[in-house]
Amino acid sequence: MSKSVLSPEMRKAVVRFSGDSGDGMQLTGDMFSQSSGQAGLDLTTTPDFPAEIRAPQGSVGGVSSFQIQIGGTEIYTPGDQVDVLVVMNPAALKANLHILKAGGTIIADKDSFNPRNLKKADYNTDPLEDGSLDDYHIVRAPATSLTKEALKDLGLENQVMVRSKNMFALGVVSYIFSRPLANPKSFIQKKFASKPVLVEANIRALEAGFSFAESTEIFGASIVIPPAQLPKGTYRNIDGNTAIAWGLLAAAENCGKKLSLCSYPITPASEILHELSARKDMGTIVFQAEDEIAAACAAIGAAFSGNLSATTTSGPGASLKSEAMGLAIISEIPLVMVNVQRAGPSTGLPTKTEQSDLYQSLYGRHGEAPLVVMAASSPDDCFYYSYMASKIAMEHSTPVILLSDSYLASGTSPWRIPENGELPDIKIPRFEKPAEEWKPYIRDPEFLNRYWMSPGDKGFEHRIGGLEKKEVTGNLTYEPLNHEKMTKIREEKIDRIANKLPKQEIIGAQTGKLLVIGWGSTHGAINMAVSELLEDGEKNIGFTHFNYIKPLPANTEEILSKFDRILVCELNNGQFVNYLRSKYPKFNYLQFNKIQGQPFFISEIKAEIINTLTQ
Amino acid sequence: MQTDVKENNPLTRKDFVSDQAVRWCPGCGDFMILANMQKAFANMNHKKENFLSVSGIGCSSRITYYLDTYGIHSIHGRAIAVATGAKLANPDLNVWVFTGDGDCMAIGGNHFIHACRRNTDLNIIIFNNRIYGMTKGQSSPTTPVGLKTKTSPEGSYETPFNIGEVAIGAGATFFARVPDNDHALMEDVMMQAYHHKGTSVIEVLQNCVIFTDGIHEQITGRDTKNDNQVILEHGKPMVFGSDKKLGLRVDGMRLIKAGLENGTGKTLVHDAGEMNSLMHLALVKMQIPDFPVAMGVIRKVDSQSYSEGVHQAIASARKRTSFKSVTDLFQSGNTWQIE
């Protein structure tokens, strides 16, 4: 047997809760995240559930998992490999064993390892007993029977009792990581407030798991991970999609505008539509359109009416919206389009992550059609970039595409709630002189944005549309030189936004042999890989991560010039690296790509960097 | 019904004439629609800055540049979608959509049926010349069977849409039809649409002098119109013909036309407000030569508009919530402090 990876000295740990779709693993994981956050730990989580709404019970295809990395240092990913694997049935073991570290701990509900379930998972013998798991620490926990025993006098049906066994598992894991039960108990009390018997049942199951772990002494002393050094403030866990929805709300409130969201359901972006549908209490105007095209067009109408306006989608929907984005570009309307990317083309792998819509965002429209492209890089910073996308759209009278992806959408990380006045102000460009002096295409001399006058503004009646406009007046014209000039102005308007963006920064060496580059959701894995190499004493590498893609930050070329070679890591076939090649062709670019519908592992990035350095 | 009362500043037709030169072919039916629209706008009880005109692509859709209101000349087929977003964003707006038989019934068909279904508070004017004019003469979803066009050189063999049938079938609460040469009726119908709560659809039988010149002539021509049109008025018997000597009746499951020699006793009396759409559909489908074509407001029933529904839901959610700002929302649920 390998040496156990669990030790009282560990500073971070990866736990994976796994079971059948109906076993409540997402809730269990969510509750463990809450109590870990409460204990001051940094964390990142990711769910992994079947694409089918109701996959066959007990099958490997129906396994639902929730992974969390907790730590006293900064945690940027849910972890490559797992220290503690909780499996509620044989299928969960089968689906997840390959990511368990040698010496890792398996907590198995041994009651569910019966012949029927073993067969469903294609096991000929019981892996808990046949010696095949000797490299791991197995805890054979009678979760089902002990839960039933604890709940027997509550008068509940068997099925209802068994459903509480996820709380037994949470009790066991809570003991291992010295997590008091107060937090999950209050969560249970809130969740089942209207059904006292379920409060009692779940709390008893939780306590039963905790006592089992404590009394069987399988684990030795429980582990105390000291809290992370996070900035002061009020925190909560947040997933990327909720964070995007809330960023839009915060932006609307900051500039005193109503928010209109016009969207069509699509995986993995629908939760933004769901959250804002529930935010009518904040005055949000939500339109669930008949199709993706209608959603984008309605968002244009809402923006013309003077609201902060957004449409949210994923790649296939973004394709359908592209003509409308062209209208928003030529009519210079403020509009936020969020693309929560998934693996494509076509339906592709609709529940899996990829960064392959970058070309589409940059170039996927007819005509010369520049707009702003940005990307969020963690579940919690989806809030900030959604806010900034709104700010840039409104201040610069332009559509903005904000890229997220499936990995950020459903992952969670702790988010420090911004305090009043902390977010940058949004200044709506309005024409302050008399209406008689106004023309629809008069521009701000510094940033070239139009002024945003809307129905209801007396004396400013004007027409916009998809036909080319005469400079300043906005009248229709086919004049050849005017079209060329307007095309260049629209491009220049986007370029000048770079002057407002923060400078691109480098972590590690500021100059040297290799600059590692990432963009969007890969920040966590690349950052961890580079940080570990820096800690190991590697002095020749720097890391820079892009959130602003078009325009790029003003000092991008300067940064690129400071390294001998550049390694661009991304979850596609090389879209950002080719973008950089086209913008700054003189540098020596290498690329590391993964196109498996899965996020990067820290280990594979580390290996690639080491490999590159030794070449 | 709009409630945005304009100030003591009566508007005239001229207030809605923009400074852009009108560029339709001489004799085009679109000129009549523009003139009547400007006249009707001036009579509406709305502030000028709260008018919004939205159009798609095609000859019809150029109209937004000629109306001095806020306007969006959008993309092919999507005017209704754009207008829906604009109306929901600002329910005070008086929103008019201008579209054609190609723009609305082909590429924009999806948005059209959903606007009818939702009862969004929009007024939609469909310029039906039964052809694609701007792209130079291809057959459209309303091109009659047998008509030779650039894309049906041997004569069209596609069954056309009857716009009213599609609209009412999709749940429209207001449908009217007018010929492009009946100014009084057109203005009246526009005003009724303005006062209607929800989606109002007006089909204008519009003449294209280049590609389908005279296509509506049998219905709208001076010599034939009395026999070939029945102008429906709510509460009035359905009589027509040069001497008003013909009427519409029901015989079994069918509409029939019958002479009025023996009085009007059995002649149908128009009820635009009947919820059951059966008779409205029968009326809207009448075609020459067997029947006169129904004109005027064929269906006008009361129902909650989509924009009302959306804003009522928001108002009641606002009333129930304890959230005063986004900070209250962010602080709700499970949070923790780091000191």
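**View 1. Gly233(A) meets strand 12 of chain B.** In this predicted model, Gly233(A) has Ile338(B), in strand 12 of chain B, as its bridge partner. The two strands involved are strand 7 of chain A and strand 12 (residues 336-338) of chain B. They run antiparallel, and three bridges join them.

**View 2. Chain A against chain B.** Here 56 residues of chain A are in contact with 51 residues of chain B. Several elements of chain A give two or more residues to this side, among them helix 1 (25-38), strand 7 (233-239), helix 9 (240-255) and strand 15 (463-465). Helix 11 of chain A gives the most, with nine residues. By residue type, the side of chain A that touches chain B divides into 25 nonpolar, 18 polar and 13 charged.

**View 3. An open sheet in chain A.** Five strands of chain A lie in the order 16-18-17-20-21, with mixed pairing. Strand 16 (507-508) and strand 21 (589-593) of chain A each have a single partner strand, so one side of each is left without a neighbour in the sheet. Strand 16 pairs with strand 18 (residues 541-546) of chain A over two bridges, in the antiparallel sense. Within this pair, Ile507(A) has Phe543(A) as its bridge partner.

**View 4. Two helices on the sheet.** Helix 17 (residues 523-535) of chain A lies across strands 16, 17, 18 and 20 of chain A. Helix 17 runs at about 165° to strand 18 of chain A. Helix 20 (residues 602-614) of chain A also packs on the sheet, touching strands 17, 18, 20 and 21 of chain A. The direction of helix 20 makes about 150° with that of strand 17 of chain A.

How values were computed
Residues numbered from 1 in each chain as written. Chains lettered and ligands numbered in written order. Predicted model: local features only at pLDDT ≥ 70, side-chain atom pairs only at ≥ 80, totals over all residues. Contact = placed C-beta atoms within 7 Å. Helix = DSSP H or I, 4+ residues; strand = E, 2+ residues; numbered from the N terminus. Nonpolar A, V, L, I, M, F, W, Y, C, P; charged D, E, K, R; others polar. Pairing = 2+ DSSP bridges. Axes fitted to C-alpha atoms, helices over the stretch in contact; angles between N-to-C directions.
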